[in-house]
Amino acid sequence: MDPGLNQLLKWSIENSETTQNDSTDPKAERPSGNGLNKEAIRSLMGGPSDADLMKLSMAAVQSPDVSLDDKLVAFDNFEQLIEIVDNANNLESLALWTPLVTELSNAEAGIRRMAAWCIGTAVQNNVKTQERALAVDALPLLVQLALGDPNDQVRRKAIYALSSAIRNYPPALQVMVQHLPKDLRPGGAVNAGDMDDVDKVMDGIKQASGGTVH
């Protein structure tokens with residue numbers, strides 16, 4: 001790997017904020033570029049594309065040779081990248097949907113939380129990615145996490161992902177409802193395009209999970 005890229009990745013790990021902060025505020029402060037030398041900047045400007053960085057981040061998340069802290073940093077970088085709609089749409093062409101959904105079952109709560117967070121980011125107001133999340137069977141896993149994960153932060157991010165996945169997309173809403181316990185299923189038809197209808201279903205899930213979404 002190019003030495004400049006190596007330094008860039010090292011800088012990213014050393015300067016990224018911890019993912020224990022559960023804020024999804026896009027205005028939240030990100031690490032500055034201070035300390036990044038000219039060689040690293042040149043490597044960034046003329047080097048890896050967002051697609052390369054997405055693949056590199058997921059490879060780090062799945063590598064047995066990377067520490068948990070560094071995996072979480074890589075996942076945080078991944079989430080920032082897919083905030084860009086074009087990058088979220090490229091998850092399919094980069095074959096990253098399956099590994100992303102696989103991490104919902106990771107033994108580490110921090111990894112499960114980041115996987116749910118990334119799915120929620122990717123599918124927000126985006127029919128193309130909502131379709132992909134449904135196709136790779138993310139919805140049943142997210143329902144399981146939302147209602148049964150022992151970690152509160154994981155449950156919150158799973159609820160966030162479900163809420164994003166079903167809004168204005170009836171097929172995902174139908175699948176989610178099918179996987180809810182009977183006492184949480186709505187008594188009548190729910191319109192995925194009616195935010196009040198969707199909110200009522202999601203409120204029931206939130207209450208059953210024992211918390212709120214942040």
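First, the ground rules. Residues are numbered from 1 along each chain as its sequence is written, and side-chain values use heavy atoms, with hydrogens and water left out. Because the model is predicted, local features need pLDDT of at least 70 and side-chain atom pairs count only at pLDDT 80 or more, while totals for chains, interfaces and linings use all residues.

Start with the fold. The protein has twelve helices and zero strands. Reading along the sequence gives α-α-α-α-α-α-α-α-α-α-α-α.

Now the totals. Of the 214 residues, 43% count as buried. Buried means under 20% relative accessible area, exposed means over 50%, and partly exposed is in between, with a 1.4 Å probe and protein chains only. The accessible surface comes to about 10800 Å². Carbon and sulfur atoms hold 49% of that surface. The areas are Shrake-Rupley values with a 1.4 Å probe, and for residues only the protein chains shown count as cover.

Next, contacts, meaning heavy atoms within 4.5 Å. Take those between residues at least 6 apart in sequence: 69% of them join residues at least 24 apart.

On to the core. The largest nonpolar core has 56 residues. By definition, such a core is a set of buried Ala, Val, Leu, Ile, Met, Phe, Trp, Tyr and Cys residues joined through side-chain atoms within 4.5 Å. Which members touch the most others? They are Phe75, Phe78, Trp97, Leu100, Ile119, Leu142 and Met176. Helix α7 gives the largest share of this core, nine residues. Look at Ile119. Not counting residues up to four places away in sequence, Ile119 touches Trp97, Leu100, Val101, Leu104, Ala138, Leu142 and Ala161.

Helix α9 covers residues 138-148. Its buried residues are Ala138, Leu139, Pro140, Leu142, Val143, Leu145 and Ala146. Together they pack against α6, α7, α8, α10, α11 and α12. Leu139 in that helix counts as buried, at 1% relative accessibility. Beyond four places in sequence, its contacts are Ala133, Leu134, Leu162, Ala165, Ile166, Ala172, Val175 and Met176. Leu139 and Leu162 are 23 residues apart along the chain, with their C-alpha atoms 7.0 Å apart.

Now the charges. How many salt bridges are there? The count comes to six. The rule is a side-chain nitrogen of Lys or Arg within 4 Å of a carboxyl oxygen of Asp or Glu.

Arg155 pairs with Asp152, closest N and O atoms 3.3 Å apart. The two sit three residues apart in helix α10, so about one helical turn separates them. Arg155 is buried at 14% relative accessibility, whereas Asp152 is partly exposed at 27%. Asp152, Arg155 and Arg156 are linked in a salt-bridge network.

Arg167 bridges to Asp199, with 2.7 Å between the closest N and O atoms. Arg167 is in the loop between α10 and α11 and Asp199 is in helix α12, so this pair ties together parts 32 residues apart in sequence. Arg167 is partly exposed at 22%. Asp199 is partly exposed at 30%.

Lys206 and Asp203 meet at 3.7 Å, N to O. Being three residues apart in α12, they too are about one helical turn from each other.

Glu103 is buried yet has no salt bridge. Where is the nearest side chain of opposite charge? Lys71 is 6.9 Å away. For charge, Lys and Arg count as positive and Asp and Glu as negative, with His and the chain ends not counted. Glu103 does have a polar contact: its side chain joins that of Gln62 at 3.1 Å. That term means a pair of N or O atoms within 3.5 Å; within protein, one must be able to donate a hydrogen and the other to accept it, and residues adjacent in sequence count only if both atoms are side-chain atoms. Leaving aside neighbours within four places, Glu103 contacts Val61, Gln62, Phe75, Ile111, Arg112 and Ala115.

Last stop, Asn87 in helix α5 (residues 85-89). Asn87 is buried, at 6% relative accessible area. Setting aside neighbours within four places in sequence, Asn87 is in contact with Asp50, Met54, Leu81 and Ile82.

Methods
Helices (H or I, at least four residues) and strands (E, at least two) are DSSP runs, numbered from the N terminus.
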